[in-house]
Structures are given as C-alpha cells and as structure tokens.
Amino acid sequence: MRLFENIALVTGAAGGIGRAVALCFAKEGAVVIASDNNAKGCAETLALLEQQGGCGCSVVADVTKEEEICLLYRHIRERYGRVDIVVNIAGGDCEPSADIEEIDYLKMSANLDLNLKSCMLSCREAARLMKPQGFGKIVNMSSLVYRGSPNQFSYSAAKGGIYAFTRSLALSLGRYGITANALAPALVEVPAFVAALGQERWEMLRKECAQRYPLGRVATPDDVARCALFLASDDAAFITGQILEISGGARL
Ligand SMILES: NC(=O)c1ccc[n+]([C@@H]2O[C@H](COP(=O)([O-])OP(=O)(O)OC[C@H]3O[C@@H](n4cnc5c(N)ncnc54)[C@H](O)[C@@H]3O)[C@@H](O)[C@H]2O)c1
C-alpha cells in the first residue's frame, strides 16, 4: 500500500476525477477526507470507498467560500491533527466557448474564484498544517489548457495561474519537506460532460479528440487518479514544481 495511513484531503470528490482519486487513494491505504459542495455525491463517494474496505469521512464545503475552506481544515485539524496529502480537484469551466470580445466579467470572476482562488486558499490552509509537521504533498488540478486555448480565456488563465502558483509553492515550501505539483489532463471522460453535452454531442467530441491524440483515445478518470497517486506517493519524493501532462501525447 503506497499511502498507508496517510491523511489525504480530496476536493471535488463527488466528481468524475475526484471520485476516482478518492477511491484510488483509499485502496492504497489512505484515510480520505472526501470533500465537495455536492453533499449527496460526496456521501456516495464515501460509501463506495467504504464498500471497497477503505476509510475516511466526507465534508461538505464550497471552495469558493473562504470561511468554508477554513472550516474544512479546522475539521481535519480537530479530527486527525494533521494532513499528509492535499489534492485540489474541485473546479470546472464557468465560461466555456466565448469569443474574446464577449467574455463576461461575472463568468470570468467565477472561473477565477472556482479554479484559482479556491486552490490558493486551500493551499494556504494546507501549508499552515504541513509546515509545522515538516511533511506534505500537494497536488493541484490544472488542465492542458494551461498552455492556452482559443475560446476558453478565463478558464485557461485560471488553470495557467494554478501552474504558476504551484511552482511558487514548490519554491517556498520545499525546505519544509513539502512538494507541490500539478496535473494537466486533456479531455477526460466524466459523467458530468456526458450529462452536459448529451450522448450524441459527447460522442462527436470524444471521436474528434481521440483522432487528434497520438494514443488514439481520451483519458479516463483512472488515468488521472494513477498520476495523482504517483505525485502523492514516495515514488515522487524528489519531484516538485512540475506539471504532469496527462494527454495521450496531445499538443506535443
Ligand atoms: N474532465 C476533463 O476533461 C478535465 C480536463 C482537465 C482538467 N479538468 C479539471 O478536473 C477537475 C475535476 O473535473 P471533472 O472532470 O471530474 O468534472 P466534475 O464536474 O465531475 O467534477 C467537479 C467536481 O467539483 C465540484 N465542485 C464544483 N464547484 C464546487 C465548489 N464551489 N465547491 C466544492 N466543490 C465544487 C463538483 O460538485 C464536482 O463534484 C476540475 O478542476 C476540472 O477543471 C477536467
């Protein structure tokens, strides 16, 4: 077991990728704090995790609200006294497909709040726990659009910001035994996409991407979970400040 008795917070744990990460970490022996603002989904993830013999708890928190992030970490401090791993996955694109002339102030703010500021605040709270314990692994969810993406201006800016922020974290926290890295998946097949687009449009998108990606398919949530596991485990003990592209070779 690669994460035996590690205390691991996973945000976005009700979602496609977050759930896969929570289940994967639990299988590897971690005690998982599954957090999301979707209470039902969060409880379902915990139930699945327990069914497979894992343990942990679920905590409902909206990561766009500073006070809820603080309460989440207070819960962790009071219940476990430490946190070994933090994987910040909660996020999503609040302004998909807008021309630059059309980008909207409220939607761009929502993208920065949900993807970037939430991650920064969670890492602030994580650092407050991890620095005194002299150990920690932070894994932040960027996206391949960190390289830039036409019509995804605020989302790509937020995900690019996560990369810069993660490097800054690595620079300042390394001396405390804390690593910070980011994940950058290309398209991942998650139920939320299929639900939002409908089966037919999703299939078109999937086919179109699969043709462009050298490995000939889009990613699964498990592809991403295994990379999160690597960065959270001792196998990546000497890796920090990196972004790991999980892209099947897209955009090489
Ligand atoms: N699916 C992809 O193709 C893809 C590619 C690259 C990066 N990502 C990133 O991966 C992460 C997970 O996305 P996913 O594909 O699993 O989608 P998803 O919609 O299934 O998961 C997102 C989760 O975040 C939660 N969430 C949303 N707003 C929240 C809030 N304010 N507070 C707390 N939780 C909140 C949702 O309830 C959901 O459970 C996101 O950060 C996304 O930007 C996804």
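**Basis.** I worked with a predicted model, in which local features need pLDDT of at least 70 and side-chain atom pairs count only at pLDDT 80 or more, while totals for chains, interfaces and linings use all residues. I number residues from 1 along each chain as its sequence is written.

**Whole chain.** I listed eight helices and seven strands for the protein, taking both as DSSP runs numbered from the N terminus (helices H or I, at least four residues; strands E, at least two). The radius of gyration, taken over C-alpha atoms, is 17 Å, close to the 18 Å given for 252 residues by the globule rule (2.2 Å times the number of residues to the power 0.38), so the protein is as compact as a globular protein of that length. Along the principal axes, I noted that the C-alpha trace spans about 45 × 35 × 35 Å.

**α1 and α8.** I next looked up helix α1 (residues 16–27) and helix α8 (residues 221–232), which pack at an angle of about 50° with their axes 8 Å apart; axes are lines fitted to C-alpha atoms, for helices over the stretch in contact, and angles run from 0 to 180 degrees between N-to-C directions. That angle makes α1 oblique to α8, oblique being whatever is left after roughly parallel (under 35 degrees), roughly antiparallel (over 145) and roughly perpendicular (65 to 115). On the α1 side the contact includes Gly-16, Ile-17 and Ala-20, and on the α8 side Pro-221, Asp-222 and Val-224 are among the residues that meet them, where contact means C-beta atoms, placed from the backbone, within 7 Å. By class I recorded ten nonpolar, one polar and two charged residues in this contact, with Ala, Val, Leu, Ile, Met, Phe, Trp, Tyr, Cys and Pro counted as nonpolar, Asp, Glu, Lys and Arg as charged, and the others, Gly among them, as polar.

**α3 and α4.** The axes of helix α3 (residues 66–80) and helix α4 (residues 105–133) come within 10 Å and cross at roughly 30°, and α3 and α4 are therefore roughly parallel to each other. I found Glu-66, Ile-69, Cys-70, Tyr-73 and Arg-77 of α3 meeting Leu-121, Ser-122, Glu-125 and Leu-129 of α4, a set of five nonpolar, one polar and three charged residues.

**Ligand.** Which residues come nearest to the ligand? Of the 25 around it, I noted Gly-15, Ile-17, Gly-91, Ser-143 and Ala-192, a residue being near if its C-beta atom, placed from the backbone, lies within 6 Å. Helix α1 supplies the largest share of this shell, three residues, and by class the shell has twelve nonpolar, eleven polar and two charged residues.

How values were computed
Contact = placed C-beta atoms within 7 Å.
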